[in-house]
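The structure comes below, and the reading follows it.

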Amino acid sequence: VAPPLTFDEWLEAYGRAWREADENAVAEIFTEEGIYRSHPFREPHVGSEAIRAYWRRACGPQEEVDLRFGRPIAAGSRAAVEWWANWHEGGEQRTLAGVLYLRFADDGRCQELREAWHLEPAQLDPPEGWGA
Amino acid sequence: VTADPRDLAREWARRYREAWLAGDAEAAAALYTEDCVFRSHPFRELEDARAYTRRVFGEAETLDVWFGEPVVDGDRVVAEYRAVLRERDRQLTLAGCSVMRLAPDGRCREARDCWAIEDGRHEPPPGWGL
């Protein structure tokens with residue numbers, strides 16, 4: 001039995017899965033019944049297969065992903081962290097800035113992710129004090 | 001005696017919710033310190049939290065408000081929220097979260113928000129806020 005994932009390891013794996021658009025890597029850090037709510041008003045992606053399909057669709061077109069995380073806020077089985085991503089897509093720049101809200105199982109995999117974010121078709125850097 | 005940060009965070013959310021439901025902009029504004037470093041959206045400039053609160057409270061009537069159980073790590077707090085608003089005869093739902101830092105007296109001294117807005121009434125999904 002593998003030791004449980006720590007939150008830092010989870011976040012590193014999530015970041016790598018995003019940068020590399022690796023759908024299998026992202027599915028591995030969610031439970032089999034994991035819930036991925038990628039937007040407050042959209043239907044969730046539930047279970048490994050749905051999360052893989054979402055990842056393929058969302059990350060597939062992204063090129064040169066530059067992803068940063070803020071300083072996480074963690075408490076027991078729950079955590080939240082700000083993120084800031086820049087990439088190119090179809091010849092255009094994108095900036096997506098948001099917050100991940102996470103609940104973990106005992107083995108350190110994520111049971112539920114909820115996020116809120118804002119998208120801008122431009123290359124924007126985080127403002128001073130962001131993520132601190 | 002130092003207050004438990006989780007109690008401060010819950011109390012902040014409880015009071016904000018009450019003020020929001022009552023449309024009491026002054027009560028909500030008083031939950032921020034005078035020098036709070038406040039950004040209502042990642043791509044906006046810093047603003048005066050109290051002035052912002054007074055302005056947006058005047059723009060819509062509040063029909064329902066939910067706050068999730070905050071995630072608290074020392075003085076740092078993330079609070080999810082959702083509110084059903086009425087702007088003229090149109091209902092809207094606002095859903096997002098505040099990444100905050102609380103002062104020892106429980107007021108917010110730093111906040112960055114992220115949110116989405118959608119036409120109509122959308123209650124939180126099952127399991128939300130836990």
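Helices (H or I, at least four residues) and strands (E, at least two) are DSSP runs, numbered from the N terminus. On that basis, chain B holds three helices and six strands. Their order from the N terminus is α-α-β-α-β-β-β-β-β.

This is a predicted model, in which local features need pLDDT of at least 70, side-chain atom pairs count only at pLDDT 80 or more, and totals for chains, interfaces and linings use all residues. Residues are numbered from 1 along each chain as its sequence is written, chains are lettered from A and ligands numbered from 1 in the order in which they are written, and side-chain values use heavy atoms, with hydrogens and water left out.

Start with overall form. The radius of gyration is taken over C-alpha atoms, and the globule rule is 2.2 Å times the number of residues to the power 0.38. For 130 residues the rule gives a value near 14 Å; chain B has 14 Å, so it agrees with a compact globule. Its C-alpha atoms fill a box of roughly 50 × 35 × 30 Å along the principal axes.

Next, the interior. Buried means under 20% relative accessible area, exposed over 50%, and partly exposed in between (1.4 Å probe, protein chains only). Of the 130 residues in chain B, 52% are buried. Contact means heavy atoms within 4.5 Å. Among chain B contacts between residues at least 6 apart in sequence, 54% join residues at least 24 apart.

A nonpolar core is a set of buried Ala, Val, Leu, Ile, Met, Phe, Trp, Tyr and Cys residues joined through side-chain atoms within 4.5 Å. The largest one has 31 residues. Those with the most contacts inside it are B:Trp12, B:Tyr16, B:Trp20, B:Tyr32, B:Phe67 and B:Cys108. H1(B) gives the largest share, seven residues. B:Phe67 shows the packing: beyond residues up to four places away in sequence, its contacts include B:Trp12, B:Tyr16, B:Trp20 and B:Trp128. A second, separate core of 28 residues includes A:Ile29, A:Trp83, A:Trp87 and A:Leu102. In soluble globular proteins, nonpolar side chains tend to be buried together.

Finally, look at B:Leu94, in strand E5 of chain B. Is B:Leu94 buried or exposed? Its relative accessibility is 14%, so B:Leu94 counts as buried. Leaving aside neighbours within four places in sequence, B:Leu94 is in contact with residues including A:Phe41, B:Trp20, B:Tyr81 and B:Trp115. B:Leu94 and B:Gly127 lie 33 residues apart in sequence and 18 Å apart in space, C-alpha to C-alpha.
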